[in-house]
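Please look at the structure first.

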Amino acid sequence: MLVTLWAVREVALGRFQVHPNPLYVPAVLFAGLVAIQILFHITAYWYVTWSKAWLWTAYAGIFFLASQIFNGTIWLQAFGLFCAGYGFLMSLFAIIQQFTWNGKIYWIVPNRHGGWVYGPYVNHAHYAGLMEMLIPFSLIFAITDNLPRPLRGLFLFAAIVMSSTIFLSQSVGGVIALAAELVALMLFLFWNRRSYRELVLLGVICSGLVVWLVWLRPAGLFERLARLLNPISDAGATGRIAIVKDSIKMAGQRPFLGWGLGSFSTVYPSFRSFFTNFWVNEAHNDFVQILVETGIIGFAFAGSFLFLLGIAGIRNARHWRSEDRASIMLAAFLGCVGFVVHSLFDFNLQIPANAAFFFALSALAAMGSSRPKRGHTTGRI
């Protein structure tokens with residue numbers, strides 16, 4: 001519906017301009033592969049693949065709209081400010097709910113099927129998946145010179161609070177993803193010229209995060225983080241490794257076109273190598289699941305999507321210190337980095353809210369040049 005409204009608006013304005021994005025090609029190729037699975041019934045469960053294809057069509061619509069609507073600098077800034085504000089409010093809600101927990105989401109919705117609830121998510125790791133995409137916007141606003149100092153201080157505080165909720169949610173994959181984002185940001189800080197002021201601010205954020213967590217003293221956090229010292233011995237990690245090994249065997253049975261998009265949970269019981277009373281609904285590794293469901297060909301298209309995203313994201317962020325547009329694109333790219341790293345340990349790509357937001361950020365990170373074209377609005381909010 002939103003794509004239709006955009007098209008009607010373009011026609012009403014007497015134009016139909018489509019802004020380019022290098023990620024269109026691998027996205028269209030991946031869509032073509034899924035279409036082949038549906039048309040020729042190359043799937044273990046046709047209806048699930050059909051339903052999942054419509055869901056991914058919605059992702060494609062969001063990706064396309066983000067590439068078109070946020071092409072101007074003012075709209076990019078508005079989106080960045082919204083992400084920073086929304087993430088801060090979401091983190092405050094998550095903290096309040098954690099320390100006033102009554103067993104219900106929003107204190108109202110019963111948690112009938114179990115799970116590790118955090119914020120509005122039944123799974124704490126999926127909350128971390130969303131937050132790791134929102135945090136970079138507050139970080140970038142806090143360290144750039146484009147805003148007044150008091151406002152940068154507010155974003156600095158927001159970044160600390162938002163980052164703390166990833167630790168409070170006790171998502172090990174989320175902690176690793178956040179660390180990857182900070183490392184990537186440090187690399188950008190050293191790109192072209194070093195700025196010790198920016199490094200000091202990054203150190204302040206890390207120090208403030210530690211102080212905030214020590215003051216809150218969340219139960220079980222440090223025991224949970226201790227698992228990072230020996231992750232292989234952890235029962236949860238061992239189970240996920242077994243799932244990945246089984247999934248590789250699944251991929252070997254249909255190596256080229258896979259078992260069908262969304263069919264993992266249908267096929268996996270025939271390959272499961274261990275006993276469990278739980279339903280294994282996902283591979284707990286988005287890369288492996290894409291390989292199983294779409295084969296080597298689909299995996300290659302997804303890999304080329306990420307490869308082009310990395311090239312475009314790095315290229316567009318070259319002038320992030322001097323251009324407002326490029327700084328927002330850098331924040332979006334850092335969010336994508338965290339999401340991709342987390343996908344090695346979890347299945348955030350299978351959660352519609354997180355997947356939709358990832359594709360929106362990938363569109364922002366990879367679209368066009370970071371330098372605004374003649375005629376585009378470049379003013380600041």
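The side chain of Asn316 reaches the backbone oxygen of Ala365 at 3.0 Å. This is a predicted model. A polar contact also links the side chain of Asn316 to the side chain of Arg315, at 3.5 Å. Asn316 lies in helix α12, residues 286-316. Asn316 counts as buried because its relative accessibility is 0%, and the cut-off for buried is under 20%.

Now the helix pairs. Two packed helices are described by the angle between their axes and the distance between the axes.

| Helix pair | Angle | Axis distance |
|---|---|---|
| α5 (residues 124-143) and α7 (residues 172-189) | about 25 degrees | 10 Å |
| α4 (residues 73-99) and α5 | about 125 degrees | 8 Å |

Take α5 and α7, with their angle of about 25 degrees. That angle makes α5 roughly parallel to α7. Their crossing is right-handed. From α5, the contact includes Ala128, Met133, Ile135, Pro136 and Leu139. From α7, it includes Gly174, Ala177, Leu178, Leu182 and Leu185. Glu132 of α5 and Glu181 of α7 also take part. By class, this contact has 12 nonpolar, one polar and two charged residues.

Next, α4 and α5 pack at about 125 degrees. That makes α4 oblique to α5. The crossing of α4 and α5 is left-handed. Among the α4 residues in the contact are Gln77, Phe79, Leu81, Tyr86 and Met90. They meet α5 residues including Tyr127, Leu130, Phe137, Ser138 and Phe141. The residues of this contact divide into 13 nonpolar, five polar and no charged.

Conventions
Residues numbered from 1 in each chain as written. Predicted model: local features only at pLDDT ≥ 70, side-chain atom pairs only at ≥ 80, totals over all residues. Heavy atoms only, no water. Helix = DSSP H or I, 4+ residues; strand = E, 2+ residues; numbered from the N terminus. Buried < 20%, exposed > 50% of the residue type's maximum accessible area, 1.4 Å probe, protein only. Polar contact = N/O pair within 3.5 Å; in protein donor to acceptor, adjacent residues only side chain to side chain. Axes fitted to C-alpha atoms, helices over the stretch in contact; angles between N-to-C directions. Parallel < 35°, antiparallel > 145°, perpendicular 65-115°, else oblique. Left-handed = near helix turned anticlockwise from the far one by under 90°. Contact = heavy atoms within 4.5 Å. Nonpolar A, V, L, I, M, F, W, Y, C, P; charged D, E, K, R; others polar.
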